[in-house]
Amino acid sequence: LGYTRVAAVFSNTISALGSQPAFLKGMKVLGVPVIDSLVVPPSQASYESEIVALLEKKPQVIVGELDPPTAATFLTELAQLHGHLLPLVTDGVGAEVPWETAVGGAVGRAVMDRSVTLVLPNSNFTFSGFLAFKRALLASNVAQKSSYTTDVYSASYYDSVTLVALAALEAHSIVPSAFNP
């Protein structure tokens, strides 16, 4: 997106901390300097001291993953202290209803829509493997099954299960220590 001064902000949660190493490595590979990398405790009443220290480094964009309550508080205070919300690039957590509800309610839906860029997995829903999954899903007793037929996470989970099954076949074993390599 053309940013050259990136600040990384992650909640101290399993999901967010799982994303942090790959993000930092990716920025290094791209040659984009990360001017600060914060890990903030979730659901605090305030992040003012962290935000003030961060703003002193003059970031152009915030990239990372914050859980819904943390994002709502952090981004509200960021907008108040900076005068407006810096652009935020986040992952799939930002596409989830609890996150959109919390952040949209805190900073306003229009501000959120204008300021937040989502990086989401992309799956091709026309590949033969996914079409086989879709046929099986639609024939199943799964509740609200049609909602999963265009969900990128369903597609990626299907792909993941397929990869594990292929590894088990190749290893002639269903024991993870045998098929993980």
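This is a predicted model: local features need pLDDT of at least 70, side-chain atom pairs count only at pLDDT 80 or more; totals for chains, interfaces and linings use all residues.
Residues are numbered from 1 along each chain as its sequence is written. Local features need pLDDT of at least 70 and side-chain atom pairs count only at pLDDT 80 or more, while totals for chains, interfaces and linings use all residues, and side-chain values use heavy atoms, with hydrogens and water left out.

Q: How many cavities of 30 Å³ or more does a search of the whole structure find?
A: Rolling a probe the size of a water molecule over the atoms shows where empty space is left. On a 1 Å grid over the protein atoms alone, a cavity is a set of points where a 1.4 Å probe fits but cannot get out. Points are joined across faces, edges and corners, and a volume is the space filled by probe spheres set on them. With that cut-off of 30 Å³ or more, the search finds one cavity.

Q: Which strands each supply at least two residues of the lining of the largest cavity?
A: Lining residues have an atom within 4 Å of a grid point, and here they are Val9, Gly64, Glu65, Leu66, Leu88, Thr90 and Trp99. Strands (E, at least two residues) and helices (H or I, at least four) are DSSP runs numbered from the N terminus. The strands are E3 (61–65) and E4 (88–90).

Q: What is the volume of the largest pocket?
A: A pocket is an open set of points with protein on both sides within 12 Å along at least five of seven lines. Of the 15 residues lining the largest one, the closest to its centre are Ser19, Thr90, Asp91, Gly92 and Val119. Its volume is about 270 Å³.

Q: Which element gives the most to the lining of the second largest pocket?
A: This pocket holds about 210 Å³ of space. Leu1, Tyr3, Met27, Val63 and Val89 are the closest to its centre among 13 lining residues. H1 and E3 each supply at least two residues, but the most, three, come from H1.

Q: Are H2 and H3 parallel or oblique to each other?
A: The axes, lines fitted to C-alpha atoms over the stretch in contact, with angles running from 0 to 180 degrees between N-to-C directions, belong to H2 (residues 48–55) and H3 (residues 68–82); they come within 10 Å and cross at roughly 50°. Angles under 35 degrees count as roughly parallel, over 145 as roughly antiparallel, 65 to 115 as roughly perpendicular and the rest as oblique. H2 and H3 are therefore oblique.
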